[in-house]
Amino acid sequence: MNSVDEVLKALTDERYVAERSLGVAIYLALQLGKPLFLEGEAGVGKTEVAKVLASILDAPLIRLQCYEGLDVGHAVYEWDYPRQMLAIRLIEATGEGAKAEVDDIMSREYLIARPLLQAVEATAGGERPVLLIDELDRADEEFEAYLLEMLSEFQITIPEIGTISADRPPVVIVTSNRTREIHDALKRRCIYHWIDYPDFEREVEILMRKVPDLPPELASDLAGAMEKLRSMDLFKPPGVAETLDWAAALAVLGTTRLSPEAADDTLGVILKYQEDITRLRSEGLEQLVASVG
Amino acid sequence: MAEPLTHNLVHFTRYLRAQGLRVVPETTTYLVEAARAVGLRSRDDTYHAFQAVTVSRPEDIPIFDAAFDLFFGAGQRANSPIDPIELEVHPRGPRVHIIAPTTVEADLGDEDLADMSDQVGASAVERLATRDFSELNKSEHAEVKRLIARMVWRPADALSRRWMRSSAGARPDMRRTLRQMTGPVGELMPLAMSAPKPRRRPLLVIADVSGSMERYTEMLLYFVHAARGRLGRVEAFVFSTGLSRITRELRHRDPRVALSQVGLAVHNWSSGTLIGDAFADFNRTWGRRITRGGPVAVVISDGWDRGDPATLRKEFAAFARSVHRVVWLNPIAGRAGFEPKTQGMRAVLPFVDDFMPVGNLADLSAVVRLLESVPKRKDPARR
């Protein structure tokens, strides 16, 4: 892709409605070969960017979901212990304990590639896979430190085998919900983009593109209600993912316009904290619906 | 690339740093690369591109915006030269002068501190240990501060989800086992074991700096500063009518500088107290970001509250659910005949695991000992 406009058009073709700023960030990441660091509240479409990008580039998507305690065995590679054991048994049974054969069980053949190694190996022959490192804020600092090295060199060192390097840097998307700050050193190596909630018009556009056969009035009702909800200082303001779920839920119920009753029935789709639900019910759903109608 | 542009980008980078953005020397290179990639025809695209390579936190976006407008003007092309002399470039950021947050500190000159002898006799420590902070004279004040800085901290550990080798562990370490087997092939297969690796439990301090706490605030902030120095993973907030995060300000090694920075950062010293609002703010703005890893929460307040007790109860309950343990420190709780009678205190007590006085040095030592012995599991009896 040779310009920001081409990126934006490709995104739209994949039914991803993006701000121009996101288009610029993606374009830069692709052009400069740097990882793209996407930060934003939950449900604003960070993960979706990676999926759409993989589809646009017609490249495999390799996903690493982060969690506390994530270690090399789950992120990079692991030895295939059962097979190694069997191999040892076999050597023992045939009585040929030759050193060469014992060394064999520490070869690439007995290695299970986890996402990061998969991504490095998938670059063989000049391919450029999309590597999604999802919710990095959930991993602990130890893993972040490891990633720092991996993202700058794109090579993985396995003590028993040696160093495996990428032929060219994969397209890397790192996402964070900001449940904690990611270290500056890592962010600096990336193109940074903060994805905000969409404004009213954009949210209507997202709804119309993503939910087939959605009545335009309902799309506008929902986008308006969401705008109001996000300004309400809730414990967890709903994201775009919730808007889409809401539209789907109302469609199932056969609703064509947002009414206080319909909103009440489906409140659990958009608000996930009891405090928020109670508050909205006590402050009156009529008000929410009236303000957008 | 045009010479004037590179020149401008160097100044732009310096200016961003002076404004507090965390930029690195390579940032200029990134800017040049970004300009090359998107071109300079569209001011919008240049703006987005420059932002993507310089900003790394949403809070920095307004600072970037102002700087971008200053350098590249509304509607101007990015390669028109800008006179660097017009800009006040402070390469190291503004220097912070020592401005004391409380009146007591202001009275305390450097001579007082210099006068202090290096050795504090045992009897002096004993005498000071039980003196209420509000009754100290100037030199005692300085001595107590020094003793706080010398306290020994041994924080409680929590178990992490990482594993380390341990002969007494319960989980086999297959990788190590297999590696051992590639040595001389023997009949026995010794199983290498691993156990959860301990990690330090983070500490979260939320201190009341309202008017009723005034005589204790400085001393208690010294205590928080000492905790930060010893434990590392400490998040600190202060509140009166509003909540402020002071973690960054407390980073300076010298407690006087650190506290003066806190003084500059916090605007509502010694005003009224809205504890419920402060915790509501914490729960919404900071909760999810700060309460990772199950921190021990230390709340320092006398519980005098002008807000609505129902709000306080609700917000404090949510707060208590998100942390490992709640320790409430009340400076006046040690006084004879004290009962937690204020409305605020009564609202929060059901959610507090440990309620302790912090009126003097001995109380602070007791707090340190308590923090050492926080159990690994959450107290099931509570809530």
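Helices in these legends are DSSP runs of H or I with at least four residues, strands are runs of E with at least two, and both are numbered from the N terminus.

**Figure 1. A loop of chain A that holds A:Asp213, in a predicted model.** The structure shown here and in the views that follow is a predicted model, which scores ipTM 0.80 and pTM 0.75. A:Asp213 sits in the loop that runs between α10 (200–210) and α11 (216–230) of chain A. Although A:Asp213 is not a glycine, its phi is positive, at about 60°. Is A:Asp213 buried or exposed? It is exposed, because 5 other C-beta atoms lie within 10 Å of A:Asp213, and a residue with 12 or fewer such neighbours is placed in that class.

Figure 2. A:Glu135 is a residue other than glycine with a positive phi, near 55°. Its surroundings hold 19 C-beta neighbours inside 10 Å, so A:Glu135 counts as partly exposed, given that a residue needs 20 or more to be called buried.

Figure 3. Chain A contains 16 helices and nine strands, and its C-alpha trace spans about 80 × 45 × 35 Å along the principal axes. The radius of gyration of chain A is 24 Å, whereas a compact globule of 293 residues would have a value near 19 Å. Of these 293 residues, 38% count as buried, and 75% of the contacts in chain A with a separation of 6 or more are between residues 24 or more positions apart. The chain is divided into domain 1, made of 4–76 + 114–194, and domain 2, made of 200–292. How far apart do the C-alpha centres of domain 1 and domain 2 of chain A lie? The distance between these centres is 31 Å. Where the domains meet, seven residues of domain 1 of chain A are in contact with nine residues of domain 2 of chain A, and the residues on the domain 1 side comprise three nonpolar, two polar and two charged ones.

**Figure 4. The contact between chain A and chain B.** Chain A brings 34 residues to this contact, and chain B brings 31 residues. On the side of chain A that touches chain B, the elements that give two or more residues are α2 (20–32), α5 (81–94), α9 (184–188) and β9 (191–194) of chain A. Which of the elements gives the most to this side of chain A? It is α2(A), with eight residues. Sorted by class, the side of chain A that touches chain B has 16 nonpolar, seven polar and 11 charged residues.

**Figure 5. The largest nonpolar core, seen around A:Leu36.** The largest nonpolar core holds 99 residues, and those that touch the most other members are A:Leu36, A:Ile173 and A:Ile191. Helix α2(A) supplies the largest share of this core, seven residues. Leaving aside residues up to four places away in sequence, A:Leu36 touches A:Ala25, A:Ile26, A:Ala29, A:Val172, A:Ile173, A:Cys190, A:Ile191 and A:His193. Another core, which lies apart from the largest one, has 62 residues, and among them are B:Val205, B:Ala280, B:Val298 and B:Ala320.

Figure 6. Chain B contains 15 helices and nine strands, and buried residues make up 36% of its 383 residues. Among the contacts in chain B between residues at least 6 apart in sequence, 76% join residues at least 24 apart. The mean pLDDT of chain B is 78, and 81% of its residues reach 70 or more. Residues 76–120 of chain B, however, have a pLDDT below 50, and in the model this stretch has 66 contacts beyond near neighbours in sequence.

Figure 7. B:Glu126 belongs to helix α7 of chain B, which covers residues 122–129. The count of other C-beta atoms within 10 Å of B:Glu126 is 11, and B:Glu126 is therefore exposed. How many residues apart in sequence are B:Glu126 and B:Leu361? They are separated by 235 residues in sequence, while in space they are 9.3 Å apart from C-alpha to C-alpha.

Notes:
Residues numbered from 1 in each chain as written. Chains lettered and ligands numbered in written order. Predicted model: local features only at pLDDT ≥ 70, side-chain atom pairs only at ≥ 80, totals over all residues. Contact = placed C-beta atoms within 7 Å. Rg over C-alpha atoms; globule rule 2.2 N^0.38 Å. Nonpolar A, V, L, I, M, F, W, Y, C, P; charged D, E, K, R; others polar. Core = buried A, V, L, I, M, F, W, Y, C linked by C-beta atoms within 7 Å. Domains from an automatic or database assignment. pLDDT = per-residue confidence, 0-100.
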